[in-house]
Amino acid sequence: MTGPPDRDPGLQPERTRLAWRRTTLSSTVAAVLAVKAALHNGVSAEGVIICSLCCALWLGFLTVAHRRITTLAAGGPPPPLAPRHATAAVLCTVAVAVCAAVLVY
């Protein structure tokens with residue numbers, strides 16, 4: 001009698017790494033669109049402030065994502081995502097969404 005096939009531990013980290021890459025790409029597109037929306041009607045102090053905030057948040061998310069992608073690509077079983085990194089990623093994502101909503105309205 002044979003048991004269930006062994007799970008390939010390499011697939012989960014690879015999928016997660018690719019998901020981080022897709023999310024980083026989406027975040028980049030959102031930041032570029034925010035810059036375009038902020039500067040569409042000319043340069044204003046409010047637009048520059050919101051644009052700068054969106055870019056700073058994008059850089060924060062990019063830093064967290066790059067660290068996680070590097071950890072996942074290192075091989076072996078990856079450690080769990082640290083709660084402070086997960087919190088930073090969520091806060092950056094939500095803040096970029098709020099900035100986008102402010103730019104639209």
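**Helical architecture, packing and surface of the predicted model**

V102 is partly exposed, with a relative accessible area of 43%; buried here denotes under 20% relative accessible area, exposed over 50%, and partly exposed the range in between, computed with a 1.4 Å probe and protein chains only. The structure is a predicted model, in which local features require pLDDT of at least 70 and side-chain atom pairs count only at pLDDT 80 or more, whereas totals for chains, interfaces and linings use all residues. Residues are numbered from 1 along each chain as its sequence is written, and side-chain values rest on heavy atoms, with hydrogens and water left out.

The protein contains three helices and zero strands, helices (H or I, at least four residues) and strands (E, at least two) being DSSP runs numbered from the N terminus. From the N terminus on, the order of elements is α-α-α. The radius of gyration is 18 Å, well over the 13 Å that the globule rule gives for 105 residues, so the protein is more spread out than a compact globule; this radius is taken over C-alpha atoms, and the rule is 2.2 Å times the number of residues to the power 0.38. Along its principal axes, the C-alpha trace spans about 70 × 20 × 20 Å. Buried residues account for 24% of the 105 residues. Among contacts (heavy atoms within 4.5 Å) between residues at least 6 apart in sequence, 77% join residues at least 24 apart.

Helix α1 covers residues 11–39 and, with 29 residues, reaches 42 Å from its first C-alpha to its last, close to the 42 Å expected at 1.5 Å a residue. The expected span is 1.5 Å times one less than the number of residues in the helix. The buried residues of α1 are P13, R17, W20, T24, S27, A31, A34 and A38, and these pack against α2 (45–73) and α3 (83–104).

After α2 comes G75, whose phi is positive, near 90°.

One salt bridge is found in the whole structure, the criterion being a side-chain nitrogen of Lys or Arg within 4 Å of a carboxyl oxygen of Asp or Glu. The bridge joins the side chains of E14 and R17 at 2.7 Å, N to O. Because E14 and R17 are three residues apart in helix α1, about one helical turn separates them. An α-helix has 3.6 residues a turn, so residues three or four places apart point the same way. E14 is partly exposed, with a relative accessible area of 34%, whereas R17 counts as buried at 16%.

The accessible surface comes to about 7,300 Å², of which 69% belongs to carbon and sulfur atoms. Areas follow the Shrake-Rupley method with a 1.4 Å probe, and for residues only the protein chains shown count as cover. V90, V94, V98 and V102 make a nonpolar surface patch of about 330 Å². Patches comprise residues with over 30% relative accessible area and no salt bridge, like charges being joined within 9 Å and nonpolar side chains (Val, Leu, Ile, Met, Phe, Trp, Tyr) within 5 Å. V102 lies in helix α3. In the segment after α3 is Y105, which counts as exposed at 82% relative accessibility. The C-alpha atoms of Y105 and L62, 43 residues apart along the chain, are separated by 26 Å.
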